[in-house]
Amino acid sequence: MATPDRRLFLVFIFCLTASTVTANTVPGCGGFVQASSALIKSRKPSDPKLDYSHITVELRTLDGLVKDRTQCAPNGYYFIPVYDKGSFLIHIKGPNGWSWDPQEVPVNVDHNGCNADEDINFQFTGFSLSGRVIGAVGGESCPAKNGGPSNVNVELLFPNGDLVSSVSTSSTGKYMFTNVVPGKYKLRASHAELDVEAKDSTEVELGFGNGEVDDIFFVSGYEVRGFVVAQGNPILGVDVFLYSEDVSEVECPIDTGSAHGQKKALCRSVSDADGIFKFKSLPCGTYELVPYYKGENTVFDVSPPSISVTVEHHHVTIPQKFQVTGFSIGGRVVDGNGEGVDGAAVLVDGRERSITDNNGYYKLDQVTSSRYTIEATKEHYKFSILKEFLVLPNMASVPDIHAISYNVCGEIRTVSSAYKAKVALTHGPENVKPQVKHTDERGNFCFEVPSGEYRLSALAVASENAPELLFSPPYVDVTVKSPLLNVQFSQALVNIHGTVACKDDCGSSVSVSLISKADTKDEEISTVGLTDHSNTFTFSDVYPGKYKLEVKHVSPEAALSTEDNWCWRQSSVLIDVGAEDVQGIEFVQQGYRFNIISSHDVGVKMFQSNDSPFDLQIKKGSQQICLENPGAYELQFVDSCIFFGSSSINIDTLRPMLIDLTAEKYRVQGEIHIDSSSFNNVFELPETILVDILNEGGAIVESTEAKPVPNERDQITSVYAYSFWSDPGKKYVIVPRDSRNMKKKILFYPRQNNVSVVNDGCQGHQPFLGRLGLYIEGSVSPPISGVHIKILSAGDSLISLLRTGEIALETETDNDGFFISGPLYDDVNYNVEASKGTI
């Protein structure tokens, strides 16, 4: 149904008389735009009023150039001033689809005005009614999915059937009627070659405005036609099959079938006596046409093998013709069993023309009635030849090409390339003589023989470099009707069996390798890994010869290392493999291996939970230790004079690692010997003796305690021992002192020792001797307090470094006149002086 164009603003039609242009006004052209009486009568009270302000009136030159333009007033009046005299055109432009009478008016502007000052009026006569005829679309390949057929005749009729107007559709299927007065109408569409269908009612009603008709007209398909010829003459009876990638269904009046070797077609057409084939109703889309022409016994060749055609919204005549160029004939290549030989190249007069399929069939295309030499070739076959064979179109097929001989090939496998072998072919048909072939450097051999039964025997070639060899099997009986390419001989193959005894589960980390010892260098043949469920291993099909078996365990936690981290009673064994299986080989794990690099000899104790510790002596350099039991261990250094960074190291057999022992410090140790005979019952030996360690600058860097140690030499001397760690190259001054808060103290001889840490190991030095210091006691008479007492050295002391006459100590008498002074070194005598000031 037509719908009005609501974009227009309509007001009430109001007619005025144009004002007369006086002599004093600017000359110009003016007039009114008015609706026709038919339009006025068709307007309903409910329809909007016309508004002429959207109408433009233009002043144009006779060449069509616009000199000026103006918009009409809502009532339709317009005026265009004209400043030049001459001939012009007044042209009216309104909304799309509106019709005018006239469209333009010629005018003459002179001293009398525009057309002698007459009104130039235009009449609005009608609206437009538009629509389209749509065409069928088959798929995405259609290049005009929203298009339709052109040149479809569409008629606008009064309800009684009288013709109002007729138009033809554009290239996109669109049509438009103009100058239509609102009212009820009918539509009718037709085309001389297309079937135009009406999908809905053809009655339409145009309101007071432009109208657009629904898509009621539809064309279901278009005709595609083409030609089949041979040397310019039409060919009857050629099948042309229709295919498409995206069109799924078309109207087809006959059984479709399919071209040879193709999927089922959408449709099929057969060329008529004029060589014409047609597909009558195809939707818009892209299609492929495939010809197929078969006589009673012959398939003819048609060129091109296919034509692609795109159907838009019109009939298509294919300009390129299908040409029947020759005919095709087939044949077969077979072996001695009558089975087809696939992949054989078929040559015609020396040129390859075809390849046989999986069943041995082939097809020769574009042949003519003539004589040909037809032959087949394929590796490992030799075939009969069809010489000067006459090929005719009425032949069912070419006679079979038969295989007349075949290759019988194989291999002899030996342990070493130094061993040479040969193969004898015997026991064949009477017309085949026995043959002997030597194997090549890889042990391969090949015979060419006709069909029949044969015996192949493997033999050794006696030479100075190799002994006689025995092969398994010694011979093979074969029946040849096709190529035999895998005849196998080998030296006797045996199996090697063994077990691995592990401390715990062996698992997949344990492997055993088989290594050949036959040539000048070892060559690994195979490696097998144990499983979590079995500790046995087997090497199958091993050639006789000399071998070595090696066992290895590589921990998954050992990163990229491939080093064996278990120790074995015997990690490899040599075996001589003969003609019988090897049994009873056993590898026994003794423990878990650790690699140690040490800068010094050192003794350690190894501790493991719930087990007694055991001693281990580590030597300087690189070495391996084997720990018998799995688990975690603590390695503790025993009375070591060397400090390796810590007093102990933890290791675990589940996480093997390199133990690197590098000396960082050396132990400096010494003794203090105390002569207990210098003591009486009043004084006791100290529990410890403080030892100060001074650097070269005299600053104390460390203080340690000397503690009593057993003395098995005598009962008089008490021995105290001390030690401290030092970096190599250091120098120290060692000063012991009696730090007790006692009345009398011990002095040490010498007073201090100088130590240089230069040795590679424990650092020892001269022991200190300790004796109770010398104390001088006395009194003055009469008893006087405050008397100044000086103790003077009577000689040169090597211990205290006093010179003769130097003051050793000073003190004063107490209230009773007594004094005591010490401790003093006993290596010199002392003088005592007393003095007192004025009493």
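This is a predicted model: local features need pLDDT of at least 70, side-chain atom pairs count only at pLDDT 80 or more; totals for chains, interfaces and linings use all residues.
Display its side chain together with that of Arg 225: a polar contact of 3.1 Å joins the two.

Next, show the residues that Glu 223 touches beyond four places away in sequence. These are Lys 278, Phe 279, Lys 280, His 315 and Val 316.

Keep Glu 223 selected and turn to the second largest pocket, where Glu 223 is among the lining residues that lie nearest the centre.

Colour the lining by residue class: six residues are nonpolar, five are polar and seven are charged. Then highlight strand S21 (267-270) and strand S22 (276-282), each of which supplies at least two residues of this lining. Strand S22 gives the most, with four residues.

Finally, move to Ser 622, which is placed in strand S52, residues 621-627. Is Ser 622 buried or exposed? Its relative accessibility is 64%, so Ser 622 counts as exposed.

Select Ile 596 and Ile 597 as well; leaving aside neighbours within four places in sequence, these are the residues in contact with Ser 622. The C-alpha atoms of Ser 622 and Ile 597 are separated by 4.4 Å, although the two residues are 25 residues apart along the chain.

Methods:
Residues are numbered from 1 along each chain as its sequence is written. Side-chain values use heavy atoms; hydrogens and water are left out. Buried means under 20% relative accessible area, exposed over 50%, partly exposed in between (1.4 Å probe, protein chains only). Contact means heavy atoms within 4.5 Å. A polar contact is a pair of N or O atoms within 3.5 Å; within protein, one must be able to donate a hydrogen and the other to accept it, and residues adjacent in sequence count only if both atoms are side-chain atoms. On a 1 Å grid over the protein atoms alone, a cavity is a set of points where a 1.4 Å probe fits but cannot get out, and a pocket is an open set with protein on both sides within 12 Å along at least five of seven lines; lining residues have an atom within 4 Å of a point. Ala, Val, Leu, Ile, Met, Phe, Trp, Tyr, Cys and Pro count as nonpolar, Asp, Glu, Lys and Arg as charged, and the others, Gly among them, as polar.
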